[in-house]
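Take a look at the assembly below.

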There are 4 protein chains.
Amino acid sequence: MDIAMIGLGKMGANMAERLHRGGHRVIGVDPGEAARDSAATRGFEVSASIADALAQLPVPRVVWLMVPAGEVVDQTLAALSPHLSEGDVVIDGGNSYYKDSMRRAEQVKGEDVSYIDCGTSGGVWGLQEGYSLMIGGETAAVERVGAIFRTLAPGEDRGWAHVGPSGAGHFCKMVHNGIEYGMMQAYAEGFALMQHKTAFNLDLAQVAKAWQHGSVVRSWLLDLSADALDRNPQLDGIAPYVEDSGEGRWTVAEAIDLDVPAPVITLSLLERLRSREKNSFSDRLLAAMRNEFGGHAIKTR
Amino acid sequence: MDIAMIGLGKMGANMAERLHRGGHRVIGVDPGEAARDSAATRGFEVSASIADALAQLPVPRVVWLMVPAGEVVDQTLAALSPHLSEGDVVIDGGNSYYKDSMRRAEQVKGEDVSYIDCGTSGGVWGLQEGYSLMIGGETAAVERVGAIFRTLAPGEDRGWAHVGPSGAGHFCKMVHNGIEYGMMQAYAEGFALMQHKTAFNLDLAQVAKAWQHGSVVRSWLLDLSADALDRNPQLDGIAPYVEDSGEGRWTVAEAIDLDVPAPVITLSLLERLRSREKNSFSDRLLAAMRNEFGGHAIKTR
Amino acid sequence: MDIAMIGLGKMGANMAERLHRGGHRVIGVDPGEAARDSAATRGFEVSASIADALAQLPVPRVVWLMVPAGEVVDQTLAALSPHLSEGDVVIDGGNSYYKDSMRRAEQVKGEDVSYIDCGTSGGVWGLQEGYSLMIGGETAAVERVGAIFRTLAPGEDRGWAHVGPSGAGHFCKMVHNGIEYGMMQAYAEGFALMQHKTAFNLDLAQVAKAWQHGSVVRSWLLDLSADALDRNPQLDGIAPYVEDSGEGRWTVAEAIDLDVPAPVITLSLLERLRSREKNSFSDRLLAAMRNEFGGHAIKTR
Amino acid sequence: MDIAMIGLGKMGANMAERLHRGGHRVIGVDPGEAARDSAATRGFEVSASIADALAQLPVPRVVWLMVPAGEVVDQTLAALSPHLSEGDVVIDGGNSYYKDSMRRAEQVKGEDVSYIDCGTSGGVWGLQEGYSLMIGGETAAVERVGAIFRTLAPGEDRGWAHVGPSGAGHFCKMVHNGIEYGMMQAYAEGFALMQHKTAFNLDLAQVAKAWQHGSVVRSWLLDLSADALDRNPQLDGIAPYVEDSGEGRWTVAEAIDLDVPAPVITLSLLERLRSREKNSFSDRLLAAMRNEFGGHAIKTR
């Protein structure tokens with residue numbers, strides 16, 4: 001198929017290349033010169049202009065958005081809008097909030113454009129291994145661009161699914177990331193515990209590798225942990241500072257909204273917030289209270 | 001009554017003074033000269049020697065232990081033992097583990113000595129306000145030293161109770177402290193949230209004081225927080241470092257042992273551990289994993 | 001002062017009565033006949049009509065809203081609006097979301113009406129003991145109705161505070177309720193642990209009462225627990241089903257929004273959700289997984 | 001090699017068969033007739049008597065224990081002891097507490113017998129796929145029985161490791177299971193959230209399968225979840241009741257002992273306790289408190 005890939009960041013450029021390798025004609029679009037220059041070596045066509053790229057696509061057009069979630073998606077959609085026509089399909093493959101995707105689908109529907117929300121997992125490894133795709137939207141539109149999904153996914157019939165109506169794809173991706181937080185935290189706690197058991201002087205990479213085959217906890221995240229620990233056993237030079245990118249927060253909010261207790265996913269998010277705290281006010285108040293009632297010494301910095 | 005108070009630390013000296021003020025004859029015992037010198041100004045008798053102190057008490061004797069939990073209690077009991085005789089009553093008013101108290105009661109029973117475990121709450125304020133006492137042991141022994149409890153407690157019939165057999169007193173004190181952890185953490189989180197709401201520029205001491213009267217969250221811990229925030233609104237110079245003294249750990253272990261989920265008390269303990277962590281290995285592993293799968297930048301220190 | 005109290009539910013009727021007892025002229029307004037009939041015995045005037053009530057008040061008027069949070073507040077404000085004039089003061093004493101209160105204050109400002117958000121704590125006990133009041137809004141308006149606050153509060157200068165601009169009052173009330181959740185959960189876990197320690201056969205009401213005086217965990221919530229346990233030691237006939245009324249959810253969302261980890265408050269909310277779950281899907285999936293990997297027996301209902 | 005497998009339960013019988021298939025001579029020992037009868041069809045030799053089995057093995061002997069953790073291990077070791085001689089190797093492949101294993105290793109050392117603690121993961125799938133083995137003990141002994149480990153493991157050099165001295169193997173298995181609890185809980189919460197999002201009518205097995213390839217959360221536990229959800233999409237007939245087998249408790253205790261905060265692993269255990277609670281006392285007390293302060297209705301059963 002012919003497709004425009006809007007956004008040539010880490011994810012977009014890799015996906016464009018995978019589609020290009022898979023035999024599709026891809027026009028990558030990015031306003032940034034550096035992003036375009038870097039993409040130019042990957043084989044697919046590159047353009048600085050949405051108008052220009054869309055003019056080159058046969059109608060009905062297929063456009064994939066791979067831009068940061070939030071306002072940028074709305075801005076990109078606004079820039080796209082004058083160039084779209086009846087029957088075009090726009091796929092948002094980023095980490096958009098599922099309710100935004102539902103709103104956007106409704107918005108372009110007036111112009112007879114189909115909007116597909118596609119949760120995309122796989123990170124920098126997707127180029128080689130393929131991406132896991134969770135797809136929401138109308139069946140006819142999803143079927144029309146099926147060839148794209150089959151190429152991006154790890155296999156023709158593997159690693160992708162049309163999970164439901166508009167919003168359902170990004171919803172599943174949101175939950176996916178919530179689960180990811182919980183799994184990562186579980187591993188992190190376990191390895192930290194082994195690291196603190198100094199009496200056994202454990203080689204954490206060795207343990208991780210022993211678990212990679214046959215164990216109940218084997219997983220891709222374990223594979224990555226084994227690699228990281230192998231290269232840097234004490235994780236030297238890495239700050240204990242963990243970012244979060246939004247999906248965890250949405251998962252927590254959604255769970256509470258649906259009255260579903262999700263304590264482990266929730267706590268995994270809070271631990272990330274905690275990792276970024278400096279001079280915690282709550283800890284200082286606890287120390288102050290202990291001093292008030294028990295005369296317990298306060299540590300000054 | 002006549003009583004020996006073994007251990008003239010912050011708690012023991014105050015309790016000895018409250019008993020002395022209440023009309024009891026108190027002989028305070030401490031091997032430390034500084035502790036004895038400081039106690040000497042408080043009105044009650046002071047001795048460096050357990051043997052000497054016990055020799056001065058009428059039989060049957062009443063001995064109160066106010067020493068650090070753990071080995072020191074066993075050592076003190078061993079030192080006491082040769083000087084005890086049938087009918088004596090030994091009261092452990094410290095923060096001993098309740099199973100240790102049960103073992104010790106069994107141990108001295110062979111010598112016809114009664115052992116009472118008395119959980120004591122109130123901190124440095126107990127001297128003036130009285131102590132809340134949770135008492136475990138045989139009824140006859142508890143009744144024999146009732147005058148002591150009535151003087152230490154905030155009132156004749158208030159703030160003390162014979163809650164059960166040997167061990168029950170320290171068990172209740174253990175749970176008391178577990179609850180204390182949870183309450184403290186709840187306040188700490190709430191005040192931290194208000195402190196971070198910079199748009200409202202809240203005066204935390206003012207809010208705390210408004211809550212002291214009529215609100216659902218009024219409590220003594222709130223009173224102490226109000227005082228601390230009044231004197232030092234930003235808690236300047238206090239390190240975000242929170243000690244724990246053992247009872248929280250025992251509470252968590254006991255709850256799991258009895259299959260009782262106590263998530264908030266448990267998490268309050270873990271937050272204290274977290275406050276003391278430097279360069280968390282688990283957070284570093286999380287950052288490393290994010291880098292592995294998503295190429296997300298790692299923060300170096 | 002003269003004041004209209006809109007909403008004569010449990011809280012509104014009590015507050016109207018306290019104001020009436022305090023020497024103010026109160027016109028209670030409620031569309032419900034039963035609520036009006038019940039209120040009629042309390043001494044203050046009662047009306048079915050907002051228009052009628054406001055017509056009887058001297059200008060500038062003082063109106064207190066004590067209606068359920070959410071749409072009802074907006075509806076009531078819309079009903080009030082035609083009858084308000086420059087200089088009137090409207091006070092929302094309910095559990096409104098603080099951002100709604102900020103919006104409403106902005107809304108009536110155009111009509112030169114002052115809007116005060118007043119977080120009110122104290123429950124059914126406020127009639128006798130007074131209410132803890134956290135007040136947000138412009139200083140001039142707050143001062144104008146100071147006599148009202150002083151009467152509702154537990155004392156002239158106690159239990160109330162003008163904590164900040166519009167929204168700040170309901171914000172503090174929201175955090176107050178978050179803290180309340182955490183404290184309640186801490187007590188609940190502790191008492192449950194003692195209840196499960198059958199070997200000691202503890203009398204929970206007795207323990208609670210011993211803690212009411214002198215202990216670190218004394219509080220009003222403990223007083224209430226002591227009463228409840230005294231009347232019904234095994235809490236017979238009470239379902240393990242815990243409602244939540246919104247403020248806890250807002251507190252959790254706000255904490256995450258401000259990057260403030262509040263694990264204990266958060267978990268206290270999730271425990272309430274958990275208490276209401278029937279046939280938990282997550283627990284069933286856990287059981288299914290254990291069966292898959294270990295052949296562990298699954299319990300059927 | 002020649003080896004006695006003591007304990008022909010689900011795990012032991014499978015491991016004996018895998019060793020037998022791998023070319024080793026295996027004598028399976030179990031006091032239970034049913035276990036022996038069932039094992040007899042699997043190809044390896046079977047005996048009811050430890051003495052008999054050990055008499056048939058060439059010296060130095062190799063004995064694998066696959067019996068329930070705790071007292072049974074000590075009893076089995078006591079039964080073995082008279083038949084062991086210098087140079088024999090005993091391997092405990094069960095889920096023993098690592099400190100017990102250290103004690104037992106010390107105990108048999110006096111008789112010049114080597115004791116190896118081998119954490120074994122893989123469940124009922126290990127027969128076909130091989131077991132992940134975490135091995136603690138002295139290097140010479142581990143090397144002597146290396147052929148056994150290589151056959152049980154998924155591959156010659158994969159899925160097994162000599163991780164450290166005596167105790168280290170069971171320590172790593174303990175942590176492994178703690179991580180397992182956390183991962184399982186993360187998946188369970190995520191799938192429960194999707195199940196409650198009725199508007200999207202998600203097919204959970206379909207989502208799980210889409211995640212199996214290319215996604216960040218792919219894992220063996222996910223594979224098992226996909227199977228379970230495929231066969232029984234609503235998990236009908238499964239009670240929301242989750243057992244725990246000890247390692248989670250030990251992990252939580254160890255983490256607290258080492259001052260390592262492990263909130264997610266800890267909470268995952270507590271959620272299992274919660275799943276088994278009937279008529280939660282803490283929830284009832286919370287409901288009672290709400291009634292006390294707010295007059296909120298109590299739900300009766």
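This is a predicted model. Start with the pair formed by chain B and chain C. Here 67 residues of chain B are in contact with 67 residues of chain C. Together the two chains bury about 5,700 Å². Carbon and sulfur atoms account for 74% of that area. Three residues stand out on the chain B side. B:Leu193, B:Phe200 and B:Val216 supply 13% of the area that chain B buries against chain C, more than any other three residues.

Four salt bridges are counted between chain B and chain C. In a salt bridge between B:Glu129 and C:Arg218, the side chains come to 2.6 Å, N to O.

Which elements of chain B give two or more residues to the side that touches chain C? Two are strands: E7 (132–136) and E8 (160–164) of chain B. The others are helices of chain B: H5 (98–109), H9 (168–196), H10 (204–211), H11 (220–231), H12 (247–257) and H13 (263–275). H9(B) gives the most, with 18 residues. By class, this side of chain B has 38 nonpolar, 20 polar and nine charged residues.

Now for the symmetry. Two copies of a chain are related by a rotation about an axis and a shift along it. For chain B and chain C, the rotation is 180 degrees and the shift along the axis is 0.0 Å. The superposition of chain B on chain C has an RMSD of 0.0 Å. In chain B, the C-alpha nearest the axis belongs to B:Ser219, at 1.9 Å from it. Of the interface residues of chain B, 100% are also interface residues in chain C, so the copies meet through the same surface.

Turn to chain A and chain D.

Last, the backbone. Most residues other than glycine have a negative phi, and most peptide bonds are trans. Where does this model depart from that? One place is the peptide bond from A:Val59 to A:Pro60, which is cis, with omega near -5 degrees. A:Pro60 lies in the loop between helix H3 (50–56) and strand E4 (62–65) of chain A. In chain B, the peptide bond from B:Val59 to B:Pro60 is cis, with omega near -10 degrees. B:Pro60 sits in the loop between helix H3 (50–56) and strand E4 (62–65) of chain B.

B:Asn201 is not a glycine, yet its phi is positive, near 45 degrees. This residue is in the loop between H9 and H10 of chain B. Is B:Asn201 buried or exposed? B:Asn201 is exposed, with a relative accessible area of 68%. D:Asn201 also has a positive phi, of about 45 degrees, without being a glycine. The loop between helix H9 (168–196) and helix H10 (204–211) of chain D holds D:Asn201. At 65% relative accessibility, D:Asn201 counts as exposed.

Key:
Residues are numbered from 1 along each chain as its sequence is written. Chains are lettered from A and ligands numbered from 1 in the order in which they are written. This is a predicted model: local features need pLDDT of at least 70, side-chain atom pairs count only at pLDDT 80 or more; totals for chains, interfaces and linings use all residues. Side-chain values use heavy atoms; hydrogens and water are left out. Contact means heavy atoms within 4.5 Å. Buried area is the accessible area (1.4 Å probe) that two parts lose on being put together, summed over both. Helices (H or I, at least four residues) and strands (E, at least two) are DSSP runs, numbered from the N terminus. Ala, Val, Leu, Ile, Met, Phe, Trp, Tyr, Cys and Pro count as nonpolar, Asp, Glu, Lys and Arg as charged, and the others, Gly among them, as polar. Copies are superposed by least squares on the C-alpha atoms of residues with pLDDT of at least 70 in both. Buried means under 20% relative accessible area, exposed over 50%, partly exposed in between (1.4 Å probe, protein chains only).
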